[in-house]
Amino acid sequence: MIEQWIYEELKKDIGIERFNHSIGVMETSMELAKIYNYPIEKARIAGLLHDCGKLQGEINLLKMASDFDIILDNVMKINKELIHSPLGAEIAKRKYKIKDKDILNAICFHTTGREGMKLLEKIVYIADMIEPNRDFNGIEEIRKLAYKDIDKSLLYAINNTLKFVIEKGNLIHLDTIKARNHLLIQKNME
């Protein structure tokens, strides 16, 4: 069970708008956990804390990551939007006393994905995209697939993200490419 102080500290750290998003991700993670027979409490915690690294205010994420001994690759150093994920995993461990590796990995890889994602990582990645407050081109298909086949949903979501990132002219993280390739290899081996 998540203790009340966690909700209050999180709301203070990330702001009300991001907190409301996190509640949506938490609830969606719990729904997906039920469907895919995953422990609901782990999904609840990972969903709630997935964005705990998106601190409000003038925070130097690069310095904070360095202070926490988080090694960032060049893509993350340039695309600072990605830093909040590994930073969030470290904050979840240090501040919120989360020790569960599956929860910490779900937080760490919820923006990039990675090769061989575990079920909780998939749940939080998808929940972050489809929570009720989200609206973007392609979301209805991701939502529909999420409740039927998490791997198809994940592949569709990653493809959608890649198109968006390319259109913006941003760098693509290697973990995202590896996650996509892994899903396609699995699909082709069935």
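## Packing of α3 against α7

In this predicted model, the axes of helix α3 (residues 40-49) and α7 come within 9 Å and cross at roughly 35°; axes are lines fitted to C-alpha atoms, for helices over the stretch in contact, with angles running from 0 to 180 degrees between N-to-C directions. Helices are DSSP runs (H or I, at least four residues) numbered from the N terminus. Lys42, Ile45, Ala46 and Leu49 of α3 meet Asp102, Ile103, Ala106 and Ile107 of α7, where contact means heavy atoms within 4.5 Å. By class, this contact has 6 nonpolar, no polar and 2 charged residues (Ala, Val, Leu, Ile, Met, Phe, Trp, Tyr, Cys and Pro count as nonpolar, Asp, Glu, Lys and Arg as charged, the others, Gly among them, as polar).

## Aromatic pair

The whole structure holds 1 aromatic pair, defined by ring centres within 6.5 Å, with the six-membered ring used for Trp. Trp5 and Tyr96 are stacked (planes under 30 degrees apart), at 5.8 Å centre to centre and 20° between the planes. Trp5 lies in helix α1 (residues 4-14) and Tyr96 in the loop between α6 (84-94) and α7 (101-108), 91 residues apart.

Trp5 is partly exposed, with a relative accessible area of 34%, whereas Tyr96 is buried at 3% (buried is under 20%, exposed over 50%, partly exposed in between, with a 1.4 Å probe and protein chains only).

## Basis of the values

Residues are numbered from 1 along each chain, and side-chain values use heavy atoms, without hydrogens and water. Local features need pLDDT of at least 70 and side-chain atom pairs 80 or more, while totals for chains, interfaces and linings use all residues.

Key
Phe/Tyr/Trp six-rings, centres within 6.5 Å; stacked < 30°, edge-to-face > 60°. Helix = DSSP H or I, 4+ residues; strand = E, 2+ residues; numbered from the N terminus.
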